[in-house]
Amino acid sequence: MKYRTLFALAASVTLAGCGLNSVPTAEENAKAKWADVENYYQRRADLIPNLVATVKAAGAQEKAILVEVTQARASASQVKVSGADLNDPAKVQAYERAQNGVTLSLQRLQEAYPELKSQGNYATLMSQLEGTENRISTARHDYNEAVQSYNTTIRTFPDAIGAKVFYGAKPLVPFKATTPGAEAAPSVANAFGNTN
């Protein structure tokens, strides 16, 4: 009975030292880190086009209001009332309407945009782009560290024994940029209609 207990204890210590737990733990950690990489790539794919569309829409809306103000100002400057016309109520009212058009356009601009929002939207877009690229970079780094840990585990004694015998473990592949230009962040210049 003593020998059986000693044998069971020795066998469990030996097996524990042979990677029965450390190999799958390291492998699952590496897989989880890869899922993080994929998650951040998906975040970029989902977020960036929506941010670009938001920035473009805000810029277009502000542009429309600014064009309206400019046109109202231009049409108001075309309506002239001289000192001799002050007796003509129709000319004075036309002048008043033209000037009120400018005032209303300016009020609408001021109420809608106490400060123009497109500049802030561009800043937000740039911040999100930078944050997303940083998250991707960190996730790839964490994945590569997990792969290194796993690959080291399955190649070093005594875990290598359990890795081969029980799991048939093979090394995982670290992330490497294989596409030409993959090291560069995607450009959003074309999304705004820029050609350079």
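Analyst: The dialogue below goes from the overall fold to individual side-chain pairs. Please keep in mind that this is a predicted model.

User: Which secondary structure elements does the protein chain contain, and what pattern do they follow along the sequence?

Analyst: One begins by listing the elements in sequence order. Here the protein chain has five helices and zero strands, which gives the pattern α-α-α-α-α.

User: What can be said of burial and of the accessible surface?

Analyst: Of the 196 residues in the protein chain, 22% count as buried. The accessible surface comes to about 13,600 Å², and carbon and sulfur atoms contribute 56% of that area.

User: Is Thr 132 buried or exposed, and which residues does it touch?

Analyst: The relative accessibility is compared with a cut-off: buried means under 20%. Thr 132 has a value of 1%, so it counts as buried. This residue is found in helix 4, which covers residues 118–155. Leaving aside residues up to four places away in sequence, Thr 132 touches Tyr 40, Arg 43, Arg 44, Leu 47 and Ile 48.

User: Which residues make the nonpolar surface patch?

Analyst: Phe 157, Ile 161, Val 165, Phe 166 and Tyr 167 form a patch of about 550 Å². Among them, Phe 166 lies in helix 5, residues 159–167, and is partly exposed at 46% relative accessibility.

User: How many aromatic pairs are there, and how is the geometry of one described?

Analyst: Two numbers describe such a pair: the distance between ring centres and the angle between the planes. The count comes to two aromatic pairs. In one of them, Trp 34 and Phe 175 are 6.3 Å apart centre to centre with 35 degrees between the planes, a tilted arrangement. Trp 34 belongs to helix 2 and Phe 175 to the segment after helix 5, so the pair ties together parts that are 141 residues apart in sequence. Trp 34 is partly exposed at 31% relative accessible area, and Phe 175 is likewise partly exposed at 24%. Ring pairs also link Trp 34, Tyr 143 and Phe 175 into a cluster.

User: How many salt bridges does the structure hold, and which parts do they connect?

Analyst: For each bridge, one notes the N to O distance and then the location of both partners. The structure holds three salt bridges. Lys 31 and Glu 27 form one, with their closest N and O atoms 3.7 Å apart; both residues lie in helix 2, four residues apart, about one turn of the helix. Glu 28 forms another with Lys 31, at 4.0 Å. Glu 28 and Lys 31 are three residues apart in helix 2, and therefore separated by about one helical turn. The side chains of Glu 133 and Arg 44 meet at 2.8 Å. Because Glu 133 lies in helix 4 and Arg 44 in helix 2, this pair ties together parts that are 89 residues apart in sequence.

Definitions and conventions: Residues numbered from 1 in each chain as written. Predicted model: local features only at pLDDT ≥ 70, side-chain atom pairs only at ≥ 80, totals over all residues. Heavy atoms only, no water. Helix = DSSP H or I, 4+ residues; strand = E, 2+ residues; numbered from the N terminus. Buried < 20%, exposed > 50% of the residue type's maximum accessible area, 1.4 Å probe, protein only. Areas by Shrake-Rupley, 256 points an atom, 1.4 Å probe, with all protein chains shown as cover. Contact = heavy atoms within 4.5 Å. Patch = residues over 30% accessible without salt bridge, like charges linked within 9 Å, V, L, I, M, F, W, Y side chains within 5 Å. Phe/Tyr/Trp six-rings, centres within 6.5 Å; stacked < 30°, edge-to-face > 60°.
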